[in-house]
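Here is a friendly walk through one protein chain. Take a moment to turn the model around before reading on.

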Amino acid sequence: MEETKGFIIEVSHVSKRFGNTQVLKDVSLRCESGKIYGLVGHNGSGKTVLFKILCGFLSCEEGTVKVNGKVMGKEKDMLTEAGIIIEDPGFLRTWSGYHNLEFLYTLRNRKNKAYLYSVMEKVGLDPGMRRPVGKYSLGMRQRLAIAQAIMEDPGILILDEPMNGLDKKGVGEIRALLLKMKEENKLIILASHNREDIQILCDEVYEIEEGRLRKL
């Protein structure tokens, strides 16, 4: 596989408020391709809000987010170069895992059954399994979410709790996959409650507490 072109994400003095609650306070962060960045913090600390701002799903009241020098919300509306897992993906529950991926993939690409089979196998799913996604276990749905995030070979991955619901074997497989993608010059930002995931995977680790970000 060819090495992905490089990306730089620069978050400068970003603040975000919902009503009277300030969720992010003067957050700054710089991320570049070929590294994995870890984000830790308790529920409600602002991790998911920061991820949504990075992706262009939310705007910020103060500060800027730049991707390769382009300002999100002005010069760039959405982070189209990213594979994203934020909250629960909305799969078509009566369809098989393969048919969910096929539907999403062919919206922007030509149908390529062999390639989609390889993506499913890469995350440990059987592409020939006809079981509908509504009958998948939590771990299987998480594997499918990861397949969806990587299937267009994005240069950036934004992953909120990517190991959620995976058993020990699955965690090991997805860790290996993410480390391989780092070697392919991907820029990976992930949030995890699992200290071991953070220690094994991440080149830099940041903590969000009460809306403020600090490097650990």
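## A buried arginine and its partner

At 10% relative accessibility, R143 falls in the buried class, where buried means under 20% relative accessible area, exposed over 50% and partly exposed in between, with a 1.4 Å probe and protein chains only. This is a predicted model, in which local features need pLDDT of at least 70 and side-chain atom pairs count only at pLDDT 80 or more, while totals for chains, interfaces and linings use all residues. Residues are numbered from 1 along each chain as its sequence is written, and side-chain values use heavy atoms, with hydrogens and water left out.

Which residue does R143 form a salt bridge with? The partner is E173, and the closest N and O atoms of the two are 2.8 Å apart. A salt bridge here is a side-chain nitrogen of Lys or Arg within 4 Å of a carboxyl oxygen of Asp or Glu. R143 lies in helix α4 and E173 in helix α5, so the bridge ties together parts that are 30 residues apart in sequence. Helices (H or I, at least four residues) and strands (E, at least two) are DSSP runs, numbered from the N terminus. E173 itself counts as partly exposed, at 28% relative accessibility.

## Helix α5 and its surroundings

Let us stay with α5. This helix covers residues 168-183, which makes 16 residues, and reaches 23 Å from its first C-alpha to its last, close to the 22 Å expected at 1.5 Å a residue. The expected span is 1.5 Å times one less than the number of residues.

Its buried residues are G170, V171, I174, R175, L177, L178 and M181. They cover an arc of only 165° around the axis, which puts them on the same side of α5; the arc is that of the directions from the helix axis to the C-beta atoms.

What do the buried residues of α5 pack against? Their partners are the strands β3 (35-40), β7 (156-160) and β8 (187-191), together with the helices α3 (113-122), α4 (138-150) and α6 (195-201). Contact means heavy atoms within 4.5 Å. Just after the helix, N185 takes a positive phi of about 75°.

The structure holds 13 salt bridges.

| Salt bridge | Closest N to O distance |
|---|---|
| R143 and E173 | 2.8 Å |
| R175 and D197 | 2.7 Å |

R175 and D197 form a salt bridge. The pair links distant parts of the chain, with R175 in helix α5 and D197 in helix α6, 22 residues apart. R175 is buried at 11% relative accessibility, and D197 is also buried, with a relative accessible area of 2%.

At 38% relative accessibility, D203 counts as partly exposed. Elsewhere, salt bridges that share partners join K35, E204 and K215 into one network.

## Some individual residues

E102 lies in helix α2 (residues 97-105) and is buried at 14% relative accessibility. Leaving aside neighbours within four places in sequence, E102 is in contact with K111 and L116.

Most residues other than glycine have a negative phi. D26 is not a glycine, yet has a positive phi of about 55°. D26 lies in strand β2 (residues 21-32) and is partly exposed, with a relative accessible area of 43%. N68, again not a glycine, has a positive phi of about 50°. N68 lies in the loop between β4 (62-67) and β5 (70-71) and counts as partly exposed at 41% relative accessibility.

## The chain as a whole

Stepping back, the chain has six helices and ten strands. Its radius of gyration is 17 Å, close to the 17 Å that the globule rule gives for 216 residues, so the chain is as compact as a globular protein of that length. The radius is taken over C-alpha atoms, and the rule is 2.2 Å times the number of residues to the power 0.38. Of the 216 residues, 48% count as buried. Among contacts between residues at least 6 apart in sequence, 67% join residues at least 24 apart.
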